[in-house]
Amino acid sequence: MKLNVRTGVFVLCVGSLLWGSGYLHAQRSSSRKGWTQGKGYGWVWGKNDEVGALNTLGPEDVRGALSLVKQGKVYDLGVTYDRTSFKWPGHSPGEIMTFRGPEGVKRQQDNEFTQGPGNASGTAWHSSALFINDNVATQIDGLGHATQGEDNHWYNGFKEADWGGNWGIRKAGAETIPPIITRGILIDVAGHRKVDALPSNTRITRQMLQEVLSAQRTEIRPGDAVFIRTGTLRYWGETGSNHDKIREHDSAGIDLDAAKWLVEEKGAVLVGSDTSGLEVGPVPQGSTSFMPVHNYLLIDQGVHIAEFHNMEELAKDRAYQFAYVCTVNKLKGTAAGFALRPIAIR
């Protein structure tokens with residue numbers, strides 16, 4: 001009898017602890033620094049801030065993300081880029097050119113250390129010169145990428161007249177994007193609709209996102225990086241050279257209402273997809289911008305946009321939550337972190 005009583009008390013205590021843990025987590029989520037439900041993030045980090053919503057991430061988010069790692073499986077979310085790769089038409093193509101090669105080094109004889117008995121082994125090297133756009137391949141748009149208004153302002157009120165430059169922007173360049181380690185959420189819209197990839201111009205609404213999340217039994221929490229799969233990158237191949245095929249799907253994306261729901265109601269700290277532009281194209285009738293989702297996320301909310309993230313293996317494994325890890329090239333003044341290799345870990 002005593003054993004039963006103690007067992008009952010033990011179960012009650014464990015139940016209370018579990019409930020309390022969930023309650024505390026809910027409290028932390030609803031009071032996340034910098035985020036207000038119904039409003040999102042916005043320009044709340046001070047007049048000189050260049051980081052935006054990523055300011056809200058901290059050690060607790062890192063620990064929470066890494067606690068999801070059970071298998072030790074790593075997913076490469078990057079795509080390979082070269083001069084043949086598909087890109088958004090507003091960006092220039094890129095060229096990778098051999099700047100020094102072994103034959104030229106030896107023939108040119110312009111470096112003394114390559115000559116004479118000190119280099120009897122015939123050592124030489126390869127190095128390349130890059131003529132490349134800062135918005136190609138797997139990327140994260142910096143907060144200075146999109147501008148609006150007659151004053152051409154971007155996030156936090158930085159204006160072109162004050163902070164533009166001949167060698168890149170001088171406020172909120174991509175070098176200010178901190179290392180990102182947080183929980184990643186996959187919303188597999190293409191998989192839910194049982195198609196290889198969504199048709200071009202498919203408008204992904206908040207209702208569609210809610211439906212997919214419900215079917216996946218996945219919940220978005222404030223501080224999550226959220227990724228929407230259209231299936232476009234299943235046609236990337238080696239370097240994304242089949243432009244016609246990619247173009248058939250690349251314009252599928254979220255609308256402005258869906259973006260607002262993700263940020264203002266769910267607290268997403270980064271929103272991404274497997275397309276070149278995240279948002280649906282052409283934009284819905286009545287819009288005052290050709291890229292309203294970009295303007296809302298980057299300028300109004302300070303929420304970075306991830307593009308051309310390859311989610312095919314994640315979708316195959318139904319890996320709907322994972323640790324997302326990404327660091328950006330620290331090239332001062334760039335508008336986006338480009339040709340990245342972010343990873344998901346489970």
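Trp125 is partly exposed, with a relative accessibility of 29%; buried means under 20% relative accessible area, exposed over 50%, and partly exposed in between (1.4 Å probe, protein chains only). The model is predicted: local features need pLDDT of at least 70, side-chain atom pairs count only at pLDDT 80 or more, and totals for chains, interfaces and linings use all residues. Residues are numbered from 1 along each chain as its sequence is written, and side-chain values use heavy atoms, with hydrogens and water left out.

**Exercise 1.** Classify the ring pair of Phe113 and Trp125.

Step 1. Rings of Phe, Tyr and Trp (its six-membered ring) pair if their centres lie within 6.5 Å; planes under 30 degrees apart count as stacked, over 60 as edge-to-face and the rest as tilted.

Step 2. The centres of Phe113 and Trp125 are 6.1 Å apart and the planes stand at 25°, so the pair is stacked.

Step 3. Phe113, at 58% relative accessibility, is exposed.

**Exercise 2.** Classify the ring pair of Trp43 and Tyr155.

Step 1. The centres lie 6.4 Å apart, with 80° between the planes, and the pair is therefore edge-to-face.

Step 2. Trp43 has a relative accessible area of 40% and is partly exposed, whereas Tyr155, at 0%, is buried.

**Exercise 3.** Describe how helix α8 (residues 256–265) packs with helix α9 (residues 292–301).

Step 1. Their axes are 9 Å apart, at an angle of about 30°.

Step 2. Angles under 35 degrees count as roughly parallel, over 145 as roughly antiparallel, 65 to 115 as roughly perpendicular and the rest as oblique. Helix α8 is therefore roughly parallel to α9.

Technical notes
Axes fitted to C-alpha atoms, helices over the stretch in contact; angles between N-to-C directions. Helix = DSSP H or I, 4+ residues; strand = E, 2+ residues; numbered from the N terminus.
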